[in-house]
Amino acid sequence: MREWTWMLNIEVITGGMFCGKTTLLQKKIREAQRVEFFKTYVFKPSTDNRYSESAVVSHDGDEIDAIAVRHGMQIVHHVINDSLTAPEHKKVVFIDEAQFFDSILINVIQRLAAYNCDVVIAGLDLDSSGRPFGGMPSAMAMATKIHKLTARCKCGNESYVTANKNKKNVVQV
């Protein structure tokens, strides 16, 4: 294990809903899986079961198998324990819907980095009120690369924040 440094490969994919975060994450997962000496790990929060309990699924139905975890530190334990079986491989850890890991996300990233893992996370950076969401803003501050994506609003403008509709289907901004 190495000490924490700021010279890490931490990549954040963020933006509002329907902007393509998961699609870009899946592209990066597939790219890493094609590299022979990379060992890839894909995680998602177990609370994200909209499309699948055991896969990262984009809104267009594209799926990549993932390990669902209840707590962010389960990611660290899984990667560290598995690393003992593949010590010669470069570890690349992918996390979808990372905003649901809240403040523990920073500890997860730091622990993985201490074990020389590259980390790529995707998640919402802002809630529907435009306030920072979960641990994503701190993760963005630590990142070596950030992809801030936008969606297209029904009005035609770019959307940076996810709209929140109440029970009467009225947008609350």
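# Exercises: a sheet, its helices and its charges

Leaving aside residues up to four places away in sequence, Y51 touches V57, S58 and H59. The model is predicted. Work through each task, then read the solution.

## Exercise 1: Y51

**Task.** Find where Y51 lies, and decide whether Y51 is buried, partly exposed or exposed.

**Solution.** 
- Step 1. Find the place. Y51 is in the loop between β2 and β3.
- Step 2. Take the value. The relative accessible area of Y51 is 44%.
- Step 3. Apply the cut-offs. Buried means under 20%, exposed over 50%, and partly exposed is in between. Y51 therefore counts as partly exposed, with its 44%.
- Step 4. Check a distance. Y51 and E63 are 12 residues apart along the chain, and their C-alpha atoms are separated by 9.3 Å.

## Exercise 2: The sheet

**Solution.** 

## Exercise 3: Strand β2 and its partners

**Task.** Count the bridges that join β2 to β5 and those between β2 and β6. Then name some facing residues.

**Solution.** 
- Step 1. Start with β5. Three bridges join it to β2 (residues 38–45), and the two strands run parallel.
- Step 2. Name residues on this side. F43 stands opposite I67 in β5. K44 stands opposite A68 in β5.
- Step 3. Turn to β6. Six bridges pair it with β2, again in the parallel sense.
- Step 4. Name a pair here. Y41 has V93 in β6 as its bridge partner.
- Step 5. Ask how enclosed β2 is. Six of its eight residues are buried, so β2 is largely enclosed by the rest of the structure.

## Exercise 4: Helices across the sheet

**Solution.** 

## Exercise 5: Q99

**Task.** Is Q99 buried or exposed? Which backbone atom does its side chain reach?

**Solution.** 
- Step 1. Q99 is in the loop between β6 and α3 (104–114).
- Step 2. Take the value. Q99 has a relative accessible area of 1%, so it is buried.
- Step 3. Follow the side chain. The side chain of Q99 reaches the backbone nitrogen of L124 at 3.0 Å.
- Step 4. List the contacts. Not counting residues up to four places away in sequence, Q99 touches A122, G123, L124, F133, G134, G135 and M136.

## Exercise 6: Salt bridges

**Task.** State how many salt bridges the whole structure holds.

**Solution.** 
- Step 1. Recall the idea. Side chains of opposite charge can pair when their charged atoms come close.
- Step 2. Take the total. A search of the whole structure finds eight salt bridges.
- Step 3. K28 is in helix α1 and E11 in strand β1, distant parts of the chain, 17 residues apart. K28 is buried at 16% relative accessible area, and E11 is buried at 14%.
- Step 4. E97 is in the loop between β6 and α3, and R50 is in the loop between β2 and β3 (55–57), 47 residues apart. E97 is buried at 10% relative accessible area, whereas R50 is partly exposed at 46%.
- Step 5. K148 is in strand β8 and D125 in the loop between β7 and α4 (136–142), 23 residues apart. K148 is partly exposed at 38% relative accessible area, whereas D125 is buried at 5%.
- Step 6. Look for a network. Salt bridges that share partners join D48, R50 and E97 into one.

Key
Residues are numbered from 1 along each chain as its sequence is written. This is a predicted model: local features need pLDDT of at least 70, side-chain atom pairs count only at pLDDT 80 or more; totals for chains, interfaces and linings use all residues. Side-chain values use heavy atoms; hydrogens and water are left out. Two strands pair if DSSP finds at least two bridges between them. Helices (H or I, at least four residues) and strands (E, at least two) are DSSP runs, numbered from the N terminus. Buried means under 20% relative accessible area, exposed over 50%, partly exposed in between (1.4 Å probe, protein chains only). A polar contact is a pair of N or O atoms within 3.5 Å; within protein, one must be able to donate a hydrogen and the other to accept it, and residues adjacent in sequence count only if both atoms are side-chain atoms. Contact means heavy atoms within 4.5 Å. A salt bridge is a side-chain nitrogen of Lys or Arg within 4 Å of a carboxyl oxygen of Asp or Glu.
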